[in-house]
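Hi,

Here is the structure I said I would pass on. Have a look at it first, and my notes follow below.

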Amino acid sequence: RYILRESLNAEKHMNNRLLRVLAIRPFLFLFMAEIFSQIAINMMNFILIIVAFQLTDSNTAVSGVVLSFTIPAILFGMYAGSYVDRRNKKTILVFTNLVRVILLIVLAFSHSNIFFLYFLAVLITIATQFFIPAETPIIPVLLERKLLHSANELFGVGIYGSILFAYALSGPVYIFLKDYVFLFLAGLFFIAAIVSLCIRIPKG
């Protein structure tokens, strides 16, 4: 009974910490931006693989899509981190989401050419490399030190949960929306841009 009671108390304490973190509105907006962005980018990755295979009926073409995700991440990942360090993080969050909105709108009306699809996938992946390192440094600015552990745990759960959610829904959403799916993904990135814009970062 003692072990069960302590376990329940620890769980209740953790839940209270998580609620305290989410009650801080700037962090909540940051968390929402992460969730919408992660769902959109992971759904896009999965759906582009489907679209590439439908266009070409070729496994090689599918490999090209995967390379268009991975190569820019390798080439631009380190540079993006150093660039973001010297820039306004909130501005980068908003700008990179809006860039991905525009690129997905273009993709919605011009995804019948496999090479153009590769090109846009590369550009979206490059924009994502700048979004990722802009998020994490904001967290300590928004929260007290004692809440950082809970915030990082929440971010971790949110990232992996949104990835699982995105891959589970990608197939059904694509079947339902068909050619409009890229506009739907653009909408998710637009929501991420709006909530990023709502983040109020303390000065100093």
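Lys 146 and Glu 144 form a salt bridge, with 3.7 Å between the closest N and O atoms. Keep in mind that this is a predicted model. A search of the whole structure turns up one salt bridge. Both partners are partly exposed: Lys 146 has a relative accessible area of 47%, and Glu 144 comes in at 45%.

On charges in general, the chain carries 16 positive and 9 negative side chains, and the centres of the two sets are 11 Å apart.

The residue I'd look at next is Glu 135. Where does Glu 135 sit? Its place is in helix H5, which covers residues 114–135. Glu 135 is buried but has no salt bridge. What does Glu 135 touch, then, leaving aside its neighbours within four places in sequence? Its contacts are Leu 30, Glu 34, Leu 93 and Phe 155, so another Glu is on that list.

The C-alpha atoms fill a box of roughly 60 × 45 × 25 Å along the principal axes. Of the 204 residues, 43% count as buried. Among contacts with a separation of 6 or more, 85% are between residues 24 or more positions apart. The accessible surface of the chain is about 11,400 Å², and carbon and sulfur atoms make up 69% of that.

One helix I went through in more detail is H8, residues 181–197. Its 17 residues reach 25 Å from the first C-alpha to the last, close to the 24 Å expected at 1.5 Å a residue. Which residues of H8 are buried? They are Val 181, Phe 182, Leu 185, Ala 186, Leu 188, Phe 189, Ala 192, Ala 193, Val 195 and Ser 196. For reading that list, remember that an α-helix has 3.6 residues a turn, so residues three or four places apart point the same way. The cover over the buried residues of H8 includes helix H2 (25–56), helix H4 (89–109) and helix H7 (148–177).

Cheers

Terms used: Residues are numbered from 1 along each chain as its sequence is written. This is a predicted model: local features need pLDDT of at least 70, side-chain atom pairs count only at pLDDT 80 or more; totals for chains, interfaces and linings use all residues. Side-chain values use heavy atoms; hydrogens and water are left out. Buried means under 20% relative accessible area, exposed over 50%, partly exposed in between (1.4 Å probe, protein chains only). Contact means heavy atoms within 4.5 Å. Accessible areas come from the Shrake-Rupley method with a 1.4 Å probe; for residues, only the protein chains shown count as cover. Lys and Arg count as positive and Asp and Glu as negative; His and the chain ends are not counted. The place of a charge is taken as NZ of Lys, CZ of Arg, CG of Asp or CD of Glu. Helices (H or I, at least four residues) and strands (E, at least two) are DSSP runs, numbered from the N terminus. The expected span of a helix is 1.5 Å times one less than its number of residues. A salt bridge is a side-chain nitrogen of Lys or Arg within 4 Å of a carboxyl oxygen of Asp or Glu.
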